[in-house]
Each structure stands twice: as structure tokens, then as C-alpha cells.
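Please read them alongside the structure shown below.

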Amino acid sequence: MKRQVNRELLVRSVCYAIERKQAAEALRKANDELEIRIAERTTQLAKTNEELKAANKAKSEFFTNISHELRTPLNSILGFAQVLQRADNLIPEHKESIDIIYQSGNHLLTMINDIVNLSKIEAGKMHLGPQYLPLPEFLKTVVEILRIKAEQKGISLTYQPTSSLPAVIHADEKRLRQVLINLLGNAIKFTEKGGVTFKVAMLHVKESSAYPEASIRFEIADTGIGIAPEQLEKIFLPFEQAGNSRNKAEGIGLGLAISQKIVQMMGSILQVQSQLGEGSVFWMDLDLQVVTGIPRSHPSLPDSE
Ligand SMILES: Nc1ncnc2c1ncn2[C@@H]1O[C@H](COP(=O)(O)OP(=O)(O)OP(=O)(O)O)[C@@H](O)[C@H]1O
Ligand SMILES: [Mg+2]
């Protein structure tokens, strides 16, 4: 009886061992297959990635080339429109037509530049070129550029800089101007009543690094149409526009996508809070190097565009 039990136990353990071996074998096979599949996928992904990069590069080159072809005749149109605008023998209807030619041409030029900007950013070809920048003067000029637009719409544009702004910083003037003009331009474009307030506040100064660094908040608030909560994330995507079609006609929805990328390149993030029908606030906190003693010669880095 005891021998019978032992034999059964032996048979059972042999069966169990065989089953375990088979299971281990199956597991190893499945593992090998999985690894082969992962390797295949990885190669496939790497290939797709390379193809995408090549396509992006081709797109960027295409836009850069075509933009040159488009800009050349457009600049002639704008130049001659400006010459005609200055003529003093024009009847009012003709003057108005020439103004429209000039404004539309200018608008087209902005759109071409925006498309080139975005494709450059996507191809990783946009680089910041920081220079010595007299901040208070720079900001005043930006506000003056936009003031005309606000006046034309009959809304206010209030500029509130903090008194403690650093006199000179190290930043990419062209890109900072591009972001601020887009944000202020949007605020004016989407506001019919009330106005726009542009605040520049000093958050803190970090003295720890070799150069002092000022953390500055740039905030643009408006009393305009506002943005619905479900649209808030989308507006930073290229070609995304919220709101009604009348305002859409005045742009192609690239300004915020480009601005967000530039602000990210500057190490920050563009933020927004908005209430439909009440208005919007866009802001960014930038850490900017404060220049204390400007050397006699200070060559600026070459402009990338
Ligand atoms: N201050 C604002 N108030 C209300 N809506 C805004 C405001 N700023 C942006 N938006 C919304 O976000 C969308 C995207 O803005 P973005 O600047 O990218 O494009 P755009 O101004 O329409 O066109 P572009 O900048 O290319 O001329 C706008 O179309 C608008 O719907
Ligand atoms: Mg815009």
C-alpha cells in the first residue's frame, strides 16, 4: 500500500516536473517571440521617426524656399503701395483702395512669416539670439506699436510697468517682441468694449548665479469676448481658433502656437485664464539675465531668420 502511494507520488511529481518544464518552455518561446516583435516594432518606429524627420525637414525647406518666392513680389507690391499712398493727387476712393492693397499685403506677409516660423520651430531650426536689451524702452516701443490699433477700435490700452524694472537685460529682442505683439494684438482684436491692460511686474531677483537673474511677469489682460473652457487647451495648437467666424477671418490661428513654443524655448510657459463674455488674461514669467556693467563692445549673436 505504502509502495503504491510512493509510486503515485513519484508519477505525480514527474508529471508536475514535465508540466513545469513545458510551461517554462512555452514561456521562454513566448518571451523570445515578444522580444522579436519588440525589436521589429522598435526598428519600425525608428524608421517612421526618421521618415517623419525627413518629411519635416523637407516641409521646412519647402516653406523657406517658397516663402522667399512669395515675399519678393509681395515686397514690391507693398513698396509701390506705399509710394502711391504718399501721392497727393489721389481721389479719396483711389486712396482707400491703395490703403486696402497695403493692409492686405501686410497681412499676407505676416501669415507667410508665421508659417515659416512654425515650420522652423517644428524642424528644430529656430534658435534664440540673446542680445543686450534696454527693457523699459523696448516695452514702451512695443506698446506704442499696438496703441494705434487700440485707438482705431476705440478701446483703451493701459501700460503698467513696475518701477523696479532692470534697465538692461539679456534676451532675444525679436522673439520677445513677437510674443508680446501677438498677445497684445490678440487682446485688442478680441475686445470691443473696455480695454487691454499690460502689466510688467518684477517677481524676484536671483543673485546666486554668476549674473543676477530677474524673474519678470508679463501679463496681458482684456475685457473682451473671452474663451470657453473647452477651447482653452486647443488655442495653443496650430491653426486652432475659437469664437466666431468674423474674428477668425483676421488670422490663421498660428500666433499662440508660435508664442508658446518661443516662451518654452525661453524656459517658461505661456498661461491663460479666461471667462467667456468677461475677458482673458495671458501671462508668462520669464527669468531674464540682468546686465549690470555693459562691456564696451557687445557683439550680438547673429539673427537666425
Ligand atoms: N485675448 C483673447 N481673447 C479671446 N480669444 C482669444 C484671445 N487670444 C486668443 N484667442 C483665441 O485663440 C485663438 C488662437 O489665437 P492665435 O493668436 O493663435 O490665432 P489668431 O489670432 O486667430 O490668428 P493669428 O495669430 O495667426 O493672426 C484665436 O483665434 C481666438 O479664438
Ligand atoms: Mg493671434
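What covers the buried residues of H6?

1. The model is a predicted one. In it, the cover over the buried residues of H6 includes helix H2 (92-122), H4 and strand E7 (279-290).

2. Of the 11 residues of H6, 9 are buried, so this helix is largely enclosed by the rest of the structure. The buried residues in H6 are Gly-255, Leu-256, Ala-257, Ile-258, Ser-259, Gln-260, Lys-261, Ile-262 and Val-263. A charged side chain, that of Lys-261, is on this list. After H6 comes Gly-267, with a positive phi near 85 degrees.

3. Helix H4 (residues 173-189) packs against helix H6 (residues 255-265) at an angle of about 140 degrees, and the two axes are 10 Å apart. That angle makes H4 oblique to H6; the cut-off for roughly antiparallel is over 145 degrees. The crossing of H4 past H6 is left-handed. On the H4 side the contact is made by Arg-175, Gln-178, Val-179, Asn-182, Leu-183 and Asn-186, and on the H6 side by Gly-255, Ser-259, Ile-262 and Val-263. By class, 4 residues of this contact are nonpolar, 5 polar and 1 charged.

4. Which residues are closest to ligand 1? They are Phe-190, Gln-241, Gly-251, Gly-255 and Leu-256, out of 22 residues that surround the ligand. H4 and H6 are the elements that give two or more residues to this shell. Its make-up by class is 10 nonpolar, 10 polar and 2 charged residues.

5. Helix H3 (residues 135-153) and H4 meet at an angle of about 25 degrees, with axes 10 Å apart. H3 is therefore roughly parallel to H4, and H3 passes H4 in a right-handed crossing. H3 contributes Phe-138, Val-142, Ile-145, Leu-146, Lys-149, Ala-150 and Lys-153 to the contact, while H4 contributes Glu-173, Arg-177, Leu-180, Ile-181, Leu-184, Gly-185 and Ile-188. The contact of H3 with H4 counts 9 nonpolar, 1 polar and 4 charged residues.

6. The pair formed by H1 and H2 comes next. Helix H1 (residues 2-86) packs with H2 at an angle of about 160 degrees, and their axes are 9 Å apart. The two helices are therefore roughly antiparallel to each other. H1 passes H2 in a left-handed crossing. This contact has 15 nonpolar, 9 polar and 5 charged residues by class.

7. Is Ile-225 buried or exposed? Ile-225 counts as buried because it has 21 C-beta neighbours inside 10 Å, where the cut-off is 20 or more. Ile-225 is placed in the loop between strand E5 (213-222) and helix H5 (245-248). Leaving aside residues up to four places away in sequence, Ile-225 touches Phe-190, Gly-243 and Gly-277.

Methods: Residues are numbered from 1 along each chain as its sequence is written. Chains are lettered from A and ligands numbered from 1 in the order in which they are written. This is a predicted model: local features need pLDDT of at least 70, side-chain atom pairs count only at pLDDT 80 or more; totals for chains, interfaces and linings use all residues. Axes are lines fitted to C-alpha atoms, for helices over the stretch in contact, and angles run from 0 to 180 degrees between N-to-C directions. Helices (H or I, at least four residues) and strands (E, at least two) are DSSP runs, numbered from the N terminus. Angles under 35 degrees count as roughly parallel, over 145 as roughly antiparallel, 65 to 115 as roughly perpendicular and the rest as oblique. A crossing is left-handed if the near helix is turned anticlockwise from the far one by less than a right angle, and right-handed if clockwise. Two residues are in contact if their C-beta atoms, placed from the backbone, lie within 7 Å. A residue is buried if 20 or more other C-beta atoms lie within 10 Å of its own, exposed if 12 or fewer, and partly exposed in between; C-beta atoms are placed from the backbone. A residue is near a molecule or strand if its C-beta atom, placed from the backbone, lies within 6 Å of it.
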